[in-house]
Amino acid sequence: MALTREQLAQRVAQEFKDGYYVNLGIGIPTLAANYVPEGVQVMLQSENGLLGMGQFPLEEEVDADLINAGKQTVTMVTGASIFSSAESFGMIRGGHVDLTVLGAFEVDCQGSIASYMIPGKLIKGMGGAMDLVAGADNIIVTMTHASKTGQSKLLAECTLPLTGKGCIKRVLTDLALLDIEDGKFILRERAPGVTVEEIAKLTEGELVIPDNVPEMAV
Amino acid sequence: MAGFDKVVNSYEEALDGLEDNMTVIAGGFGLCGIPENLIKEIKRKGTTGLTIASNNAGVDGKGLGLLLEEKQIKKMIASYVGENALFMEQLLSGELEVELTPQGTLAEKMRAGGAGIPAFFTATGYGTPVGEDKEVREYNGRHYILEEALQGDFTIAKAWKADRFGNLMFRKTARNFNPMAITAGKIAVVEVEEIVEVGTLDPDEIHLPGIYVNRLIQGTFVKDIEQRTVRQA
């Protein structure tokens, strides 16, 4: 069975290590904040200038001056700090954020990612995604493995305009966890009940299948 | 105005000298920390042909979205322009031009503009549409593109508290682009919620020194919320 959104978020959260500063993109990455493992402390960075993002506010706590990068009202945890956008991207570009999780439309086996624009559709902009993929060393891309019509999104070469070139090393899809090394996808884990053959069929880029591909613990 | 006193008494005076076809840098992220009254004054004034650099372009009927209604903006330099139907309409009809700029690059372009750095190299955007036609250099095996600094004829920004000398404090995530935007404007106009007497603010707690501020005005703010998300008790 393909992973649900919640299971994807759970698997992402298993990558959280104690003391990590983490930037979570909008959508499934944000959900991962609900599954921080026991005994692990992470600090969430929101690129609009907040380190130590907390949960959504109670009705009476809502503050128009306190939002996240998705423009949602949030709170701050104890020990939070506030800074400017330049400072925020300084810490991102400077490699100070330990883990970045974001979504994508396509990823290829060269480590390139397309996530911000589908030509001919509405133009919205890249926001902070280009800075995040260029600045972070440890990035997990979360996405569906294939389109609804069965078209692979793990390609030999991205077809959409790139968000970043050669910068992605790890992809978590609803079917599998894969690393990208030397121009190849390496299958590391499969979703419970999903076979290696099913994954191979839906992976267009070159795929290396190790002898043992364990099921994810979700 | 005398000495270092930056306080002006009307929004009209605050934007005196703003003319058609100028470049304006605006602080704010979404609708958070935007100079809402200065935007309204530009609308009232009817200045047109503006190039505006701001992370976002407001939403329909709010923030910079107000300046789209009378087609006052010629070009927008922004990282994200979703959630704005009028913007899309004018973009598709060719009445509005947009230069999509990665958020961190936009912030750094403003910072550089205010700090006398004409351009800088960044890995952001290399190998993407943003990097097209830009100089590329390799440092330690990584590719970087040359991005130029940004300066505005005017900056419009919002802070929380100021003293009369224009020393500023921001509040929570309403800080965002405001500090860099202020440094990058030839005439930096800042509206605040409260102006206090000089000497009241602790020098150690000032976020941005008044040297960057040319005009200061106290206003009242609606502070619209784009995505009101709450949890149940």
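Select B:Lys71 to start: at a relative accessible area of 44% this residue is partly exposed, meaning between the cut-offs for buried (under 20%) and exposed (over 50%), with a 1.4 Å probe and protein chains only. B:Lys71 sits in the loop between α3 (65-69) and β3 (73-78) of chain B; helices here are DSSP runs of H or I with at least four residues, and strands are E runs of at least two, numbered from the N terminus. Check its backbone too: phi of B:Lys71 is near 55°, positive although the residue is not glycine.

A word on ground rules: this is a predicted model, where local features need pLDDT of at least 70 and side-chain atom pairs need 80 or more, while totals for chains, interfaces and linings use all residues. Residues count from 1 along each chain as written, chains are lettered from A and ligands numbered from 1 in written order, and side-chain values use heavy atoms, without hydrogens or water.

Next, jump to B:Glu83, in the loop between β3 and α4 (85-92) of chain B. Phi of B:Glu83 is near 65°, again positive in a non-glycine residue, and its relative accessibility is 38%, so B:Glu83 is partly exposed.

Now show both chains: 47 residues of chain A contact 50 of chain B (heavy atoms within 4.5 Å). Finally, zoom in on A:Asp65 and B:Lys223, whose side chains form a salt bridge at 2.7 Å, N to O (a Lys or Arg side-chain nitrogen within 4 Å of an Asp or Glu carboxyl oxygen). The interface of chain A and chain B has seven salt bridges by that rule.
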